[in-house]
Amino acid sequence: MTAAAVPVALVAAALFALSWAAQHVAARREDQYEVLDPRLLVRLCRRPLWLAGRLAATAGVGVQFWALRLGPLSVVAPLMVLGLVIAVPLESLIERRRPDPGELRAVALTGAGIALFLEAAKPHRAHANPSWAAWSVVFAVAAVVVVAAGALHLAVPRWSAVSLAIATGTLFGVAAALLKAAATRASSPGSLLADPRLYLYIAVSIVALILTQNAFQRGRLSTPLVAITLCEPVTALFIGVLAFDEHLRMGPIRVTAAAFGAAAIVLGVRNLTTSMATEHARAVPGPTGKARTAP
């Protein structure tokens, strides 16, 4: 059954890639709104391309659930990272432009590093009912990260896409943990609807969705998507250890693999940062205030 999970997981990754690419293109075509302004979401709901992206995301969740029924999380989760690699050229196809080879290499390297790190750091032995005290700590730490990301967004505008994506990935990680806890405890649809964590999940997901569109408006797809793809599983990993009492596997082989994965992530992000700085330099404001191409 594990072998059958691989092609299903790849379909899910492709659907998520299509969702990210479509949403990014649609968000970039809208006027830029202030962070968390709900009018952006209202306007995007009128765009067929964005709605198609949300439909692809919904289908991706269903296919991912199917893949998890066919195989273990350790097989499915790293394959989901391939959506990051697929999304960048897919966006270029939607916009009818040639993808940047350097950007593609950096994204592929970062995606491989994330997948390797997640597989090496895979936790085990967890309980499914964290206390509300543990959740309070999770919410407090997540709030600090989100506020710090917001401060970075205000202080360094050219890093807005990254800072907003960090906040988004953190919130998506919290949302995933809330849904996992609510779904695991639910013995019937009624008990699920009575669980307050379900409504916390919905609230956090809505905020994260709006922040995602804000991040998508402020740069290339690869820039916010790498930060989201990295921050979401790292947040979930942190919550698993802190709230779900999961234990990391710390054997020498796994530690070495995690180190290689982390190194690949750092190198890939550095290359993406260089690419982003080059793009910024090509749009230096001229004397009239309009962007000009840098020599």
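## Overall picture

The model is predicted. The chain holds 12 helices and four strands. Of its 295 residues, 42% are buried. Take the contacts between residues at least 6 apart in sequence: 80% of them join residues at least 24 apart.

The largest nonpolar core has 30 residues. Those with the most contacts inside it are W20, M80, L84, A87, I114, L221 and L225. Several helices supply two or more residues each to this core: α1 (2-28), α3 (48-70), α4 (73-80), α5 (82-95), α6 (101-120), α11 (222-242) and α12 (252-281). The largest share, 10 residues, comes from α1.

Leaving aside neighbours within four places in sequence, A87 is in contact with A17, W20, A21, L221 and L225. There is also a second, separate core. That second core has 20 residues, including L164, A167, A215 and F244.

In soluble globular proteins, nonpolar side chains tend to be buried together.

## A closer look at L225

L225 is one of the residues with the most contacts inside the largest core. L225 lies in helix α11. Its relative accessible area is 0%, and buried means under 20%, so L225 counts as buried. Not counting residues up to four places away in sequence, L225 touches W20, L84 and A87.

## How the helices pair

| Helix pair | Axes come within | Crossing angle |
|---|---|---|
| α7 and α11 | 10 Å | roughly 150 degrees |
| α7 and α10 | 14 Å | roughly 10 degrees |
| α5 and α11 | 10 Å | roughly 170 degrees |

Start with α5 and α11. Their axes cross at roughly 170 degrees. That angle makes α5 roughly antiparallel to α11. In this contact, L84, A87 and V88 of α5 meet S222, L225, V226 and T229 of α11. By class, the contact has five nonpolar, two polar and no charged residues. L84, A87 and L225 are also among the residues with the most contacts inside the largest core.

Next comes α7 (residues 132-155) with α11. Their axes cross at roughly 150 degrees. An angle over 145 degrees counts as roughly antiparallel, so α7 is roughly antiparallel to α11. The crossing is right-handed. On the α7 side, the contact is made by W135, V137, V138 and V141. On the α11 side, F238, I239 and L242 take part. The residues of this contact divide into seven nonpolar, no polar and no charged.

W132, W135 and F139 in α7 meet P196, R197 and L200 in α10. This contact divides into five nonpolar residues, no polar and one charged.

W135 ties two of these pairings together. W135 of α7 takes part in the contact with α11, and W135 also takes part in the meeting of α7 with α10.

Definitions and conventions. Residues numbered from 1 in each chain as written. Predicted model: local features only at pLDDT ≥ 70, side-chain atom pairs only at ≥ 80, totals over all residues. Heavy atoms only, no water. Core = buried A, V, L, I, M, F, W, Y, C linked by side-chain atoms within 4.5 Å. Buried < 20%, exposed > 50% of the residue type's maximum accessible area, 1.4 Å probe, protein only. Contact = heavy atoms within 4.5 Å. Axes fitted to C-alpha atoms, helices over the stretch in contact; angles between N-to-C directions. Parallel < 35°, antiparallel > 145°, perpendicular 65-115°, else oblique. Left-handed = near helix turned anticlockwise from the far one by under 90°. Nonpolar A, V, L, I, M, F, W, Y, C, P; charged D, E, K, R; others polar.
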